[in-house]
Amino acid sequence: MASLTVAQVLEMPVVRGADPEVVAGSASLGREVRWVHSTELADIAPLLRGGDLVLSTGIALPETAAELCGFAASLGVSQAAGLVIELGRRWQQVPSALIDACEAMALPLVALHTEVRFAAITQAVGERIVDEQLQELREAHRVHDTFTELSIAEAGPREILEAVERLAGSAVVLEDEQHHVLDYRSGPADLAELLADWSSRSRSVRVDGRTGWDERAGWLVTRLGKRDRGWGRLMVQASRSPSQRLIAVAERAAAALAMHRLHDRHRNSLVRRVHNELLLSLLADPTDSDVLRRCELAGLPLARRQFVAISLRPRRQAADASMPDDVLASVVHTAYDLKVPALVGEIDRDVRVLVSCPMAADPDRIVDDLATRVAHRHRVVIGASRPATRTAELDRTLREARQVAESVHTDAPERVVHRLEDVHLRGLLTMLGDDDRLQLFVTRELAPLEEHGGGLLDAVRALVRHPASKSAAAASLHVSRPVFYDRLAKAQRVLGADLDDPDIRVSLHVAIIAGELRRQTP
């Protein structure tokens, strides 16, 4: 609930015009004022509620110092917000006994040196309190509507965190159970310094219960998930004691995140989503400082490291709808077991991995260890890039791994890891696969054979794959040698070229490989 403090009451024009002076309890001016009572009764305390501000001229207050002390003590017991005495009718100055008693009780005591209508103060403060309460109700309605709409829209973490940032007006961080940042919004300030060494900073932030405020660290924290199965925390920056509204925002956001997790089929979907976004961002711009910061916060060290990308795709005969999910889960668990920092995601039905290795380590050995364990569980083609030592090369590294995996022939021996030096011409053609000129070349070379049909293209394909033996080429098609020779003769007539010419054969072989790569690329 929004609150009006004693200090704020003293700043109101109707009170300021009465020349107020705080004579005791100045340290407690932050007390909340819930309402105002004007009275001349010495025994008013039992009729008060906590947070009531008492106005009096002092006419009927006790005479003796002991009785004044008792009066102050009764207000303290009732948790009154403060006592305001208008001077002039009873006292020209507030009795020292009352001042001492209020100071001892840490009860704000204010002297008004100019006459003022108490009704005007009561009205002004009452209207202010009602306005604050109405504003709080409007804000509560806004919070409710915001998160209701997010729930209906099945919003993800990004949209939920943006809503928290907008409603709280401050930074918000979503972390996993290992205190790695999954996502954040910086609010109006730059969080770069604060996010440095986040994991150790976060571990020092401890609160009791599901939601709590760490005053020293300045964070409002709410736990995600049950105490015994928590999967992370939502942290909202709060340098001052958080209002009920801010607590409600944090808890509604936590509920929305839990609902999103519940609706998602995969337990680790939130981490996977973050890793996917980071991999795509690195492909787009590996020099983006915010993306690099997020990579480090997600557990991928970048300083003084070397990087290798891996691309895994199911072999054609082993592919099924759930295969990428199973492979991804295996890669995640294997990397965790080997203590290898990595980003793991699924892009275009391939599992894409970016591994961070120490400069002194052998990156090929690390990749081979990880790939061997995964290959024991799944029939996959695994392509690896050359190591990179600069973050600016991460996009090249990720693309190279994918190109290697795409270049592997479907009939190639099942080696564990394929690298650029293993794919030769197929690797070059894969890298050129998006070039329109290569596509035109393939069409020009092969279109006449495809249009004619009759197995001519298959015959030429068998010829270039078995250049040393036409008998072996015919056998690969399960046709007799005379039938094979007849098809080759027809192909020569359709192409208007001599198939015994080495240049013609090379040209057709390149076109056939490029066409196959185009068909197997997602």
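Does Asp 214 count as buried or exposed, and at what relative accessibility? What follows answers this for a predicted model. At 8% relative accessibility, Asp 214 counts as buried (under 20% relative accessible area; exposed is over 50%, partly exposed in between, with a 1.4 Å probe and protein chains only).

## Basis

In this predicted model, local features need pLDDT of at least 70 and side-chain atom pairs count only at pLDDT 80 or more, while totals for chains, interfaces and linings use all residues. Residues are numbered from 1 along each chain as its sequence is written, and side-chain values use heavy atoms, leaving out hydrogens and water.

## Asp 214

Asp 214 sits in strand β10, residues 211-214 (strands are DSSP runs of E, at least two residues; helices are runs of H or I, at least four; both are numbered from the N terminus). Its side chain reaches the backbone nitrogen of Ala 217 at 3.0 Å.

Setting aside neighbours within four places in sequence, Asp 214 contacts Ser 204, Val 205, Arg 206, Val 207 and Trp 219 (heavy atoms within 4.5 Å).

## Helix α3

Helix α3 covers residues 65-77, 13 residues in total. From first C-alpha to last it reaches 18 Å, close to the 18 Å expected at 1.5 Å a residue (1.5 Å times one less than the number of residues).

Leu 68, Phe 71, Ala 72 and Leu 75 of α3 are buried. Seen down the axis, the buried residues of α3 fall within an arc of 95°, so they line one face (the arc is that of the directions from the helix axis to the C-beta atoms). Ala 66 and Val 77 are exposed on the other side of α3.

The buried residues of α3 pack against β5 (52-56), β6 (82-86) and α4 (96-104). Just after α3, Gln 79 takes a positive phi of about 60°.

Definitions and conventions:
Polar contact = N/O pair within 3.5 Å; in protein donor to acceptor, adjacent residues only side chain to side chain.
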